[in-house]
Amino acid sequence: MKKLGFGLMRLPKSGGSIDIEQVKAMVDKFIEKGFTYFDTAWMYMNFSSENAAKEALVSRYPRDSFTLATKLHNSFFDSLEDRDKVFNEQLDKTGAGYFDYYLLHGIDRGSLAKYEKFDCFNWLLDKKAKELVKHAGFSFHDTADVLDDILTRHPEMEFVQLQINYLDWESDWIESRKNYEVCVKHNKPVIVMEPVKGGSLARLPEEAEKLFREADPKMSVPSWAIRFAASLPNVMTVLSGMSSMEQMEDNLSFMENFVPLTEEETALCHKAAHIINSQIAVPCTGCSYCTEGCPKNIAIPQYFSLYNEIMREDMEKKGWTVSFTNYGILTQTRGKASDCIACGQCEEMCPQHLTIIDFLKKVSEKFEH
């Protein structure tokens with residue numbers, strides 16, 4: 001398998017809906033270049049990603065010509081029967097007949113108890129025994145000690161999906177390196193999610209971008225992030241949430257005949273991470289899990305992005321930045337940061353374990369006063 005997967009979480013949109021014709025063109029290009037791995041999930045794209053997979057991929061290509069992965073998230077079942085209800089609807093939505101890879105989604109120390117309460121590990125193995133799933137695994141968002149415990153108690157899991165990128169490699173929040181090393185220890189191949197950290201590693205501080213431009217002017221800035229993850233020996237594939245044909249073509253240009261980073265190039269990524277980490281305020285990936293069901297309809301990821309941008313600005317010199325205008329535009333249709341009622345729902349959903357309520361207070365102080 002080539003080391004690039006098509007993540008169907010951030011698909012192109014037109015008029016508020018998935019631009020299915022553009023997705024079809026992207027799928028065609030992806031397969032034409034010899035890539036086969038597609039990743040979706042129950043709630044991606046407002047619960048419509050699996051439908052898009054059926055229309056753009058499953059109904060147009062022989063089933064044995066591609067690899068399809070999807071997931072069960074703990075927020076969408078509350079009984080033994082619910083697990084099968086979701087799974088059967090996923091089979092119907094995708095029309096796939098079976099899933100090549102199926103994941104228990106977003107496991108952390110909080111959700112693990114629910115997955116175990118409802119016997120989800122054995123449930124997934126039963127799906128495999130019935131040939132409805134080929135490979136059983138899970139995606140993970142927590143510390144390495146928790147991961148080590150899970151893999152020790154569940155050696156039957158065949159793979160792990162981890163958030164890995166050069167910015168999070170030594171992060172105390174994400175522990176990319178430590179989690180990767182646990183997978184190596186247990187001989188579990190890794191699928192990488194968030195290699196470009198929700199697109200944030202495509203837009204770097206000027207000093208960090210200059211490092212990459214000077215090292216290789218032909219390579220795009222996000223290419224360094226994807227190649228960093230793909231260069232790790234135990235990585236099976238790297239998922240990229242491509243939302244345009246331009247992004248697709250850029251990724252294919254360096255992943256079609258992938259060459260791992262040299263030691264010098266890897267060191268450059270770590271140097272860039274140091275520069276970025278010294279300037280980033282909120283380490284949000286923009287996954288938007290936090291916004292589903294927010295009682296005040298607050299545009300949390302967008303506000304954090306604007307906050308990060310403004311915190312990188314030299315406000316003493318500028319005095320004003322377009323981020324203030326963009327914040328005002330967003331608040332015309334979405335709740336303001338100060339509208340937060342601290343219900344905590346967003347923090348329960350956040351894969352990055354961000355203290356969202358506290359960060360929203362900082363956003364409010366910056367943009368509303």
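In helix H4, the residues Arg83, Val86, Phe87, Gln90, Leu91, Lys93 and Thr94 are buried, as judged from a model that is predicted. An α-helix has 3.6 residues a turn, so residues three or four places apart point the same way. The cover over the buried residues of H4 is drawn from several elements, including helix H2 (44-47), helix H3 (49-58), strand S5 (67-73), strand S6 (99-107), helix H6 (120-129) and strand S7 (133-140).

Helix H6, which is among the elements covering H4, contains Leu124. This residue has a relative accessible area of 0% and is therefore classed as buried, the limit for that class being under 20%. Leaving out residues up to four places away in sequence, Leu124 touches Tyr102, Leu104, Val133, Ala136 and Gly137. Between the C-alpha atoms of Leu124 and Lys114, which are ten residues apart along the chain, the separation is 14 Å.

Helix H5 (residues 109-117) includes Ser111, a residue that is likewise buried, with a relative accessible area of 7%. When its neighbours within four places in sequence are set aside, Ser111 is in contact with Asn74 and Gly106, and a polar atom of the Ser111 side chain lies 3.5 Å from the backbone oxygen of Gly106.

In helix H7 (residues 144-153), the buried residues are Ala144, Val146, Leu147, Asp148, Ile150 and Leu151. Both H5 and H6 are among the elements that cover these buried residues, together with S6, S7, strand S8 (159-163) and helix H8 (176-185).

The structure holds four cavities of 30 Å³ or more, and the largest cavity contains about 110 Å³ of space. Its lining is made up of 16 residues, of which Cys294, Pro295, Cys340, Cys343 and Cys346 are the closest to the centre. Helix H16 (345-349) and helix H17 (356-367) are the elements that give two or more residues to this lining. Sorted by class, the lining residues of the largest cavity comprise twelve nonpolar, two polar and two charged residues.

Conventions:
Residues numbered from 1 in each chain as written. Predicted model: local features only at pLDDT ≥ 70, side-chain atom pairs only at ≥ 80, totals over all residues. Heavy atoms only, no water. Buried < 20%, exposed > 50% of the residue type's maximum accessible area, 1.4 Å probe, protein only. Helix = DSSP H or I, 4+ residues; strand = E, 2+ residues; numbered from the N terminus. Contact = heavy atoms within 4.5 Å. 1 Å grid on protein atoms, 1.4 Å probe; cavity = no way out; pocket = protein on both sides within 12 Å on 5 of 7 lines; lining within 4 Å. Points joined across faces, edges and corners; volume = space filled by probe spheres on them. Nonpolar A, V, L, I, M, F, W, Y, C, P; charged D, E, K, R; others polar. Polar contact = N/O pair within 3.5 Å; in protein donor to acceptor, adjacent residues only side chain to side chain.
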